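Thanks for coming. I will walk through one structure today, so please have it open while I talk.

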Amino acid sequence: MTVDVAAYFARVGYSGDGAPTLDTLQVLHAAHNRSIPFENLDPVLGTPVVDLGADALFAKLVDRRRGGYCYEQNGLFGYVLEALGFGVARLTGRVVWMQEPGAALPAETHNVLAVSVPGRDGRYLCDVGFGGQTLSSPIRLEAGPVQQTRHEPYRLVATSPDALRLEALVREKWQALYVFTTEPRPRIDLEVGSWYVSTYPKSVFVAGLSAALVTDDARWNLRGRQLAVHGKGGTERIDLAGADEVVDQLVHRFGLDLTGLGDVAAGISRVLGN
């Protein structure tokens with residue numbers, strides 16, 4: 001297993017010393033947010049994502065300058081944090097964001113990190129892989145208090161002795177994002193979850209294209225041919241004409257290197273329905 005910390009630092013534009021402090025954790029979380037996009041091109045193009053080892057994740061997200069979804073994003077971030085001396089536990093959860101009341105129980109297919117900082121009590125929730133509404137800062141893994149991030153306030157609500165629900169204050173209303181266990185999960189469970197969401201025909205990652213990036217002052221969310229830029233001054237919405245314009249946004253706005261993926265526009269056209 002290869003953890004090339006220097007290559008990761010270069011990928012996210014971090015120039016600090018990497019000491020395992022809370023400040024380093026906060027700065028690295030923000031750097032990852034703004035540098036490595038959330039995206040699900042591999043499932044859309046029919047390539048399952050199963051190998052969550054450090055070598056595979058570094059090759060894709062760092063060396064080839066791609067993005068990924070939760071298992072890849074938080075997988076990579078977790079390996080880097082461990083190499084720097086942080087304590088890392090991998091947790092899983094169920095996404096309830098935008099669900100209607102009474103909706104069926106979703107599968108446990110989201111991956112987050114519980115991170116401990118040497119010399120500090122408690123742990124921090126880190127999540128660089130929840131797409132457009134992902135955390136933009138680590139928050140204390142503690143139910144109750146409202147916690148400000150670089151963007152919206154968040155809070156954790158206890159749902160059972162070993163589970164928490166993450167909520168964000170969006171448009172002046174608390175919105176539930178996901179419910180997650182506080183018990184660590186082994187890598188095999190994560191690989192099964194990643195295989196499921198990247199191959200199941202009804203998975204949102206197989207049936208539709210998504211990309212997201214969290215900059216310092218905005219959230220960029222692409223779903224299909226609709227691009228939304230949520231900033232402090234409001235939301236700008238852009239309707240893209242078709243797959244070629246979507247590819248252009250992925251390359252020039254989100255900074256993805258699509259070299260070697262073949263006819264990306266054709267794959268995107270399939271899920272766009274044109």
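Over which ring does the charged end of Arg-90 sit? Over the ring of Tyr-79, with the charged end 5.2 Å from the ring centre. The term means that NZ of Lys or CZ of Arg is within 6 Å of the ring centre and within 35 degrees of the ring normal. Arg-253 does likewise over the ring of Trp-220, at 5.4 Å from the centre.

Some ground rules. This is a predicted model, in which local features need pLDDT of at least 70 and side-chain atom pairs count only at pLDDT 80 or more, while totals for chains, interfaces and linings use all residues. Residues are numbered from 1 along each chain as its sequence is written, and side-chain values use heavy atoms, with hydrogens and water left out.

Next, ring against ring. A pair of aromatic rings is described by the distance of the centres and the angle of the planes. Rings of Phe, Tyr and Trp (its six-membered ring) pair if their centres lie within 6.5 Å; planes under 30 degrees apart are stacked, over 60 edge-to-face, and the rest tilted. The structure has nine aromatic pairs. In one of them, Tyr-8 and Phe-9 have ring centres 6.4 Å apart and planes at 55°, so this pair is tilted. Both Tyr-8 and Phe-9 are buried, where buried means under 20% relative accessible area, exposed over 50%, and partly exposed in between (1.4 Å probe, protein chains only).

Tyr-69 and Phe-205 are also tilted, because their planes stand at 35°, with the centres 4.8 Å apart. Tyr-69 is in the loop between H4 and helix H5 (70-84) and Phe-205 is in helix H7 (residues 204-207), so the pair ties together parts 136 residues apart in sequence. Helices (H or I, at least four residues) and strands (E, at least two) are DSSP runs, numbered from the N terminus. Tyr-69 is buried, at 0% relative accessible area, and Phe-205 counts as buried at 14%. Ring pairs link Phe-38, Tyr-69, Tyr-71 and Phe-205 into a cluster.

Phe-38 takes us to the sheet, where it stands opposite Ala-212 in S10. S1 and strand S10 (residues 210-214) pair in the antiparallel sense over two bridges; pairing requires that DSSP finds at least two bridges between the strands. The open sheet has five strands in the order S1-S10-S11-S12-S13, with antiparallel pairing. Its edge strands, S1 (38-39) and S13 (234-239), each pair on one side only.

On a 1 Å grid over the protein atoms alone, a cavity is a set of points where a 1.4 Å probe fits but cannot get out, and a pocket is an open set with protein on both sides within 12 Å along at least five of seven lines; lining residues have an atom within 4 Å of a point. Grid points are joined across faces, edges and corners, and a volume is the space filled by probe spheres set on the points.

How many cavities of 30 Å³ or more does a search of the whole structure find? One. The largest cavity has a volume of about 80 Å³. Its lining has 14 residues, and Ile-36, Phe-38, Val-128, Thr-134 and Ala-212 lie nearest its centre. S10 gives the most to that lining, three residues.
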